[in-house]
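Biologist: I would like to learn how to read a model of this kind, one feature at a time. Where do we begin?

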Amino acid sequence: MRIFIISSGEYGSKIVNGIANHGFAEKIIGIHEFPPKEELPEFVDDVSEYVPEKVPEADLIIAVGIHGDVNMVISDVVKKANAKSVIVPIYHPQQIPIGLQNEIKKSLDEEIAIVFPKPFCSLLPIGDEFIDEFTTVFGKPKFEIQADEIVKSVEVLRGAPCGSSWFVAENIIGTSVDDAEFEANNKLHNFPCSSSMIVDNATGDTILHLASYKTKEAIKRTLGFTNRAAVVDEEICEGSGTCEHFCLNACPNVLSGTNTISLKTDGKATIDPGSCGVCEICVNECPYGVIEIWEERIPVENK
Ligand code: SF4
Ligand code: SF4
């Protein structure tokens, strides 16, 4: 696979380094660097002046860290590269509003696959040859852990493209299994994760928090348990009656495409403790007070 990257700012550089340092260096056939966002206009009348002059033939285009209308260069870059697939990770709530994402999609030929993972470490295979090849190494983190009461070794099966998963893996060895998910979260912040700390109105949470939920989920799924999660008392949940499923409509994970809260056939809500980030938003949104935070060992499915 041949990858061409268009990049801007510190976030862009971090992703380029992460991808190069963790196995895909030889697949990167070119990088075009735009100035940082402070030096780029948010609105652009004529995007053609920003289209890179030299674009090599490539399979996958990755556009990282570019804010605003300059992203409209993507369709010209795809054409020049004769590319088939595009990944545009979202790390900041104001980076590429939904309207602009739709414009970018419309500017591409129908057969081009494009995804806007928010954050980049939520990316999963979608059935596209090149995006799926990328996710054999990078995307939503997945670990293999050897442990008794203590974490003995951690293998990264798939890691965040910034490289944070490899840092987390190295630095939670020796931690008690009961503390591993929380320690992994601390190490992610130490790395540090470069996603924005500004609340994203589309999900009601920060993209940084969404990223931390993915890292903790990877630990919980391989260990098979968590020590903290939101739990619905399904006996008294009003989901099969008058409740309009306020929990489901407010969970940041659900709003970003993960089935953390789902409805059973009778309409009552249930929470997957593996992906729950314990943000407590559902606890506050449920008008019947039937969701509580449990701080005890809860089984987690490895899926
Ligand atoms: S605490 Fe509730 S709202 Fe927050 S991630 Fe967990 S299920 Fe979703
Ligand atoms: S908001 Fe509360 S009562 Fe309504 S479906 Fe969710 S958990 Fe059940």
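Modeller: We begin with residue classes: Ala, Val, Leu, Ile, Met, Phe, Trp, Tyr, Cys and Pro count as nonpolar, Asp, Glu, Lys and Arg as charged, and the others, Gly among them, as polar. By these classes, the shell around ligand 2 has 10 nonpolar, 2 polar and 1 charged residues. Note that this is a predicted model, in which local features need pLDDT of at least 70 and side-chain atom pairs count only at pLDDT 80 or more, while totals for chains, interfaces and linings use all residues. Residues are numbered from 1 along each chain as its sequence is written, and chains are lettered from A and ligands numbered from 1 in the order in which they are written.

Biologist: Which residues around ligand 2 come nearest?

Modeller: A residue is near a molecule or strand if its C-beta atom, placed from the backbone, lies within 6 Å of it. Around ligand 2 there are 13 residues, and C237, G239, C243, C247 and C286 come nearest.

Biologist: And which come nearest around ligand 1?

Modeller: Ligand 1 has 14 residues around it, with A230, C251, C276, C279 and C282 nearest. By class they are 10 nonpolar, 3 polar and 1 charged. At least two residues of this shell come from helix 9 (252-255), and at least two from helix 10 (281-285).

Biologist: How many helices and strands does the protein chain have?

Modeller: Helices (H or I, at least four residues) and strands (E, at least two) are DSSP runs, numbered from the N terminus. The protein chain has 10 helices and 15 strands.

Biologist: How does the radius of gyration of the protein chain agree with that of a compact globule?

Modeller: The radius is taken over C-alpha atoms, and the globule rule is 2.2 Å times the number of residues to the power 0.38. For 303 residues a compact globule would have a value near 19 Å, and the protein chain, at 20 Å, agrees with that. The C-alpha trace spans about 60 × 50 × 35 Å along its principal axes.

Biologist: What share of the residues in the protein chain do buried residues make up?

Modeller: A residue is buried if 20 or more other C-beta atoms lie within 10 Å of its own, exposed if 12 or fewer, and partly exposed in between; the C-beta atoms are placed from the backbone. Buried residues make up 45% of the 303. For contacts, the C-beta atoms of two residues, placed from the backbone, must lie within 7 Å. Of the contacts with a separation of 6 or more, 68% are between residues 24 or more positions apart.

Biologist: What is the order of the strands in the open sheet?

Modeller: Strands of a sheet pair through backbone hydrogen bonds, either parallel or antiparallel. Two strands are counted as paired if DSSP finds at least two bridges between them. The open sheet has 5 strands in the order 2-1-3-4-5, with parallel pairing. Strand 2 and strand 5 (113-115) are at the edges with a single partner strand each, so one side of each lacks a neighbour in the sheet. From one strand to the next, the twist averages 15 degrees; axes are lines fitted to C-alpha atoms, for helices over the stretch in contact, and angles run from 0 to 180 degrees between N-to-C directions.

Biologist: How many bridges join strand 1 to strand 2?

Modeller: These parallel strands are joined by 6 bridges, and S7 has E33 in strand 2 as its bridge partner. Strand 1 is joined to strand 3 by 5 bridges, again parallel, with I3 partnered by L60. Between strand 3 and strand 4 there are 3 bridges, and V86 in strand 4 stands opposite I61.

Biologist: Why is strand 3 largely enclosed?

Modeller: In a regular strand the side chains alternate between the two faces of the sheet. In strand 3, L60, I62 and V64 are buried on one side, and I61 and A63 on the other. Strand 3 is largely enclosed by the rest of the structure because 5 of its 5 residues are buried.

Biologist: Which strands does helix 1 lie across?

Modeller: Helix 1 lies across strand 1, strand 2 and strand 3, at about 150 degrees to strand 1. Helix 2 (residues 74-81) also packs on the sheet, touching strand 1, strand 3 and strand 4 (85-87), and makes about 155 degrees with the direction of strand 3. Buried residues of helix 1 (residues 9-24) include Y11, I15, V16 and I19, and their cover includes strand 1 (3-8), strand 2 (28-34) and strand 3 (60-64).

Biologist: In what sense do strand 6 and strand 7 pair?

Modeller: Strand 6 (residues 142-147) and strand 7 are antiparallel over 6 bridges. They form a hairpin with 3 residues between them, in which Q146 stands opposite S153. R158 belongs to strand 7 (residues 151-158) and counts as buried because it has 20 C-beta neighbours inside 10 Å.
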